[in-house]
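Biologist: I have not looked at this model before. Could you take me through it one question at a time?

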Amino acid sequence: MHQLVPALIAFIFGILFSNYADVSDAVLYVSFGISLLITAIFYLWGSPTHATWRGCPGALSSTPAFFLLGALFISPYVRPEIPAEHIKNLITNTDHVNILGADVEGVIASPPVFTVNTTRLLISAEGLNAGGKRIKTTGLVQLSSVGRLEGFMTGDRVRFVARLKEPANFGNPGEYDFGGRLNMRGVFVTGFLKDR
């Protein structure tokens with residue numbers, strides 16, 4: 001077996017582990033540093049003067065480091081740091097939304113996506129209008145609408161009123177992880193336009 005195979009398997013398992021385990025990045029970084037130290041000791045000990053430690057045992061000693069490297073690699077996508085002014089935090093405050101929803105200004109971040117009967121726009125939010133004031137905000141909003149919305153291009157400035165929420169799954173066993181897929185793309189808020 002090639003010496004990189006255990007490292008690759010450990011890296012993949014590290015990614016899977018980070019998806020499901022709630023471990024802080026600080027713990028992962030400290031553990032990664034310790035595992036690198038252990039790996040270095042094994043490889044230094046596996047010099048030609050210590051031939052019995054060369055080969056597979058030395059390669060296996062690096063698997064914890066690759067496991068933790070995989071966990072750290074995916075961590076920013078699984079547990080991103082969301083600033084206080086992110087729109088996800090603002091839409092949960094009832095002072096910032098009205099009965100019709102949130103009044104948001106922003107810029108179209110990517111070309112519209114058309115399906116059979118809906119249009120999806122990805123909006124980079126810049127402001128939330130509430131109580132006669134404009135609150136500066138950040139974050140992406142995936143906005144859906146019935147029908148085909150023509151004439152929108154990347155970079156266009158838009159303003160809309162919609163009920164916004166965090167993407168969620170239905171909770172059925174084995175279902176497609178819709179919320180997780182959007183979160184991996186940096187989208188933590190979705191909305192639906194009823195009227196155009």
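Biologist: How far does helix H4 reach from its first C-alpha to its last?

Modeller: H4 has 16 residues; helices (H or I, at least four residues) and strands (E, at least two) are DSSP runs, numbered from the N terminus. The expected span, 1.5 Å times one less than the number of residues, is 22 Å for H4. The model is close to that, with a reach of 22 Å.

Biologist: What kind of model is this, and what is left out of its side-chain values?

Modeller: It is a predicted model, in which local features need pLDDT of at least 70 and side-chain atom pairs count only at pLDDT 80 or more, while totals for chains, interfaces and linings use all residues. Numbering starts from 1 along each chain as its sequence is written, and side-chain values use heavy atoms, leaving out hydrogens and water.

Biologist: Which residues of H4 are buried?

Modeller: Buried means under 20% relative accessible area, exposed over 50%, and partly exposed in between, with a 1.4 Å probe and protein chains only. In the protein, 35% of the 196 residues are buried. For H4 these are Thr63, Ala65, Leu68, Gly70, Ala71, Leu72, Ile74 and Ser75.

Biologist: In what order do the elements run from the N terminus?

Modeller: The protein has 6 helices and 7 strands. From the N terminus on, the order is α-α-α-α-α-β-β-β-β-β-β-α-β.

Biologist: Which residues have the most contacts inside the largest nonpolar core?

Modeller: A nonpolar core is a set of buried Ala, Val, Leu, Ile, Met, Phe, Trp, Tyr and Cys residues joined through side-chain atoms within 4.5 Å. The largest one has 19 residues. At least two residues each come from helix H5 (87-90) and from strands E1 (102-108), E3 (118-130), E5 (140-146), E6 (157-165) and E7 (187-193). The residues with the most contacts inside this core are Ile87, Val104, Ile123, Val141, Phe160 and Leu164.

Biologist: Which residues does isoleucine 123 contact, leaving aside neighbours within four places in sequence?

Modeller: Contact means heavy atoms within 4.5 Å. With those neighbours set aside, the partners of isoleucine 123 are Gly106, Val107, Ile108, Gly139, Leu140, Val141, Leu143, Val158 and Phe160.

Biologist: Which helix gives the largest share of the lining of the second largest pocket?

Modeller: On a 1 Å grid over the protein atoms alone, a pocket is an open set of points where a 1.4 Å probe fits, with protein on both sides within 12 Å along at least five of seven lines; lining residues have an atom within 4 Å of a point. Here the lining consists of Asn19, Tyr77, Val78, Pro80, Asp177, Gly180, Asn183, Met184 and Phe188. The largest share, 3 residues, comes from H6.

Biologist: Is threonine 190 buried or exposed?

Modeller: Threonine 190 is found in strand E7. Its contacts beyond four places in sequence are Gln142, Arg163, Leu164, Lys165, Pro167 and Leu182. With a relative accessible area of 10%, threonine 190 is buried.

Biologist: And lysine 136, is that buried or exposed?

Modeller: Lysine 136 lies in strand E4 (residues 133-136). Not counting residues up to four places away in sequence, lysine 136 touches Glu85, Leu90 and Glu126. Its C-alpha is 9.1 Å from that of isoleucine 87, 49 residues apart along the chain. Its relative accessible area is 66%, so lysine 136 is exposed.
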